[in-house]
Amino acid sequence: MAVGIWVLNDQLDLLQAALGSCRPKDARVVLVEAEATLRQKPHVQKQILFWSAQRHFVEELRLQGWTVDLLEADGHGEALSTWQKDYNITELRVMEPADRPIRQAIERLSTKFGWTAELNWIANNHFLWSAAEFREWAGSKKQLRMEFFYREGRRRFDVLMEGDEPLGGRWNFDQENRKSPPRGLKGPEPIWFVPDRITTAVIGKLEKLQSLHDLPGNRHPFNWGTNRDAALQVLENFIKTRLAGFGPYQDAMVSEQPTLWHTLISPYINLGLLRPLEVIKTIERRGLEQDVPLASLEGVIRQLLGWREFTYGLYHHFGADYTANNALEARAPVPQFLQELGGSGMGCVDTVLGELKASGYAHHIQRLMVLTNLGLLAGIEPQSLTAWFKAHFIDAHDWVMQTNVVGMGLWADGGRLGSKPYAASGRYIKKMSNYCKTCRFDPTKRSGDDACPFTVLYWDFLARHAERFRTHPRMALMIRQLERIDPGELQAIRATAAGFEWAKPGQPQCS
Ligand SMILES: Cc1cc2nc3c(=O)[nH]c(=O)nc-3n(C[C@H](O)[C@H](O)[C@H](O)COP(=O)(O)OP(=O)(O)OC[C@H]3O[C@@H](n4cnc5c(N)ncnc54)[C@H](O)[C@@H]3O)c2cc1C
């Protein structure tokens, strides 16, 4: 009888539950570096991060006394089958994957390759709320709203509380955190890392593979941290230089300032290099010690204790069928300029895509108000856009993508996550960014050659979905604005929209 522990590539934490179920002398650990994953064409920086972080974790495990094998293979199935036979593994422990399709894929591999070991799933301990706890909270509530879940999380984990009341007497400081960027706004320099020996070797390995598999993104410069020590430095740097300023410009977008005051911790926390409660408690304690504005402190805690846990909880609560949602009947394919990471001709889109190409990162408002806003207005098919996001973002995993892209970004779930679609015209982008300054399109124009595609498509979107939204409590006002447009102008708007070859959403069948 021999126990094996398979550590998946987003479970790189010495305290993860499968490792915690054994002592180092009682089990053999395995990790797999499978080229098969390249068939999904991930951004090359995402792949460098994943493989390098795994290799670093192998070294960390060995230092802790574990016997570890890193299998460099084409696929997982055969490599793990041979490994089980070689070491006579009879039980294979795996921590429950956060992503639903991964568990299904592992179960399929076990059957297909006739694994000798019995699979034993250990409950995932990388989130503060387990799927079962979330289900209990959701109970029979008609509407699941992040705000109420977040308040429950504040109480449950005693974060920014004074007894039963929120610190400062308010739960939410969002209204103070939506400032437009003034001219010349600059955030603090983030901390980046020079690739070490291990990362350099991975970059070398991916040199040939990138062209072979046609992976998007720039390989150089690669400046992400790749182990827990670096991830802790990123957290420390955030607390020292960015936490106090996190709130006010959280929604701002500025050219050549891709990170502003954002934390940049999502790639690390999603791989297990940082633990959610340690991050939240450290930010809370240090923020209070440093006397940072409560709006900033609450703002970042809301993202981690609120949004992050909420999206994970919803993903499991809604179940596998959620991926089939397409409430707005969007049918357009992903435009070529998204696939090529540039070439749209729109200042905002090309700026965000250029930054994405360079690092695999874009901040929340760039993702929501530029990329998925475009997808929503242009009617891009939800799962095609989700797959695009999943491939191109450094921090992308199925559990976080589905709810963010399908629910928050595209409103394809018909409002199960967000009460109204985040549809915005070019005027919003002009207000919250400096992208329009050098753009050839005019965000105030809604038809004609120089009309901003966001503005054109915004009105076209409302016209396409007028029936659905006419009685919607939070959209009815916009439909009334639409109906005040002169019919001749509306026709011109719709003709301009029809001229965008990349935006062919198909006609919705509204009842
Ligand atoms: C269309 C779309 C796609 C997204 N895809 C991803 C993704 O693939 N991976 C991912 O981790 N996040 C995703 N997000 C959520 C959010 O945009 C990123 O977590 C954030 O931009 C990461 O950068 P940061 O670490 O600097 O975050 P900050 O803005 O500094 O926020 C701090 C942390 O809060 C958490 N967080 C904030 N908002 C969310 C959210 N809506 N859902 C989940 N966690 C959140 C993250 O862990 C993040 O690191 C997506 C959002 C949208 C609208």
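Figure 1. Helix H15 spans residues 382-392 and helix H16 spans residues 398-409. The crossing of H15 past H16 is right-handed.

**Figure 2. Residues at the contact of H15 with H16.** Helix H15 contributes Pro-382, Leu-385, Thr-386, Phe-389 and Lys-390. These residues meet Asp-398, Met-401, Gln-402, Val-405 and Val-406 of H16. By class, the residues of this contact comprise six nonpolar, two polar and two charged.

**Figure 3. The largest nonpolar core of the predicted model.** This core has 135 residues, of which Ile-265, Ile-301, Leu-377, Ile-429 and Leu-457 touch the most other members. Helix H11 (residues 294-318) supplies the largest share of the core, with 10 residues. In soluble globular proteins, nonpolar side chains tend to be buried together.

**Figure 4. Surroundings of Leu-457.** When residues up to four places away in sequence are not counted, Leu-457 touches Leu-377, Ala-378, Ala-497 and Ala-503. Both Leu-457 and Leu-377 are among the core residues that touch the most other members.

**Figure 5. Glu-340 in the loop between helices H12 and H13.** Glu-340 is exposed, because 12 other C-beta atoms lie within 10 Å and a residue with 12 or fewer counts as exposed. The C-alpha atom of Glu-340 is separated by 41 Å from that of Gln-84, and the two residues are 256 residues apart along the chain.

Terms used: Residues numbered from 1 in each chain as written. Predicted model: local features only at pLDDT ≥ 70, side-chain atom pairs only at ≥ 80, totals over all residues. Axes fitted to C-alpha atoms, helices over the stretch in contact; angles between N-to-C directions. Helix = DSSP H or I, 4+ residues; strand = E, 2+ residues; numbered from the N terminus. Left-handed = near helix turned anticlockwise from the far one by under 90°. Contact = placed C-beta atoms within 7 Å. Nonpolar A, V, L, I, M, F, W, Y, C, P; charged D, E, K, R; others polar. Core = buried A, V, L, I, M, F, W, Y, C linked by C-beta atoms within 7 Å. Buried ≥ 20, exposed ≤ 12 C-beta atoms within 10 Å, placed from the backbone.
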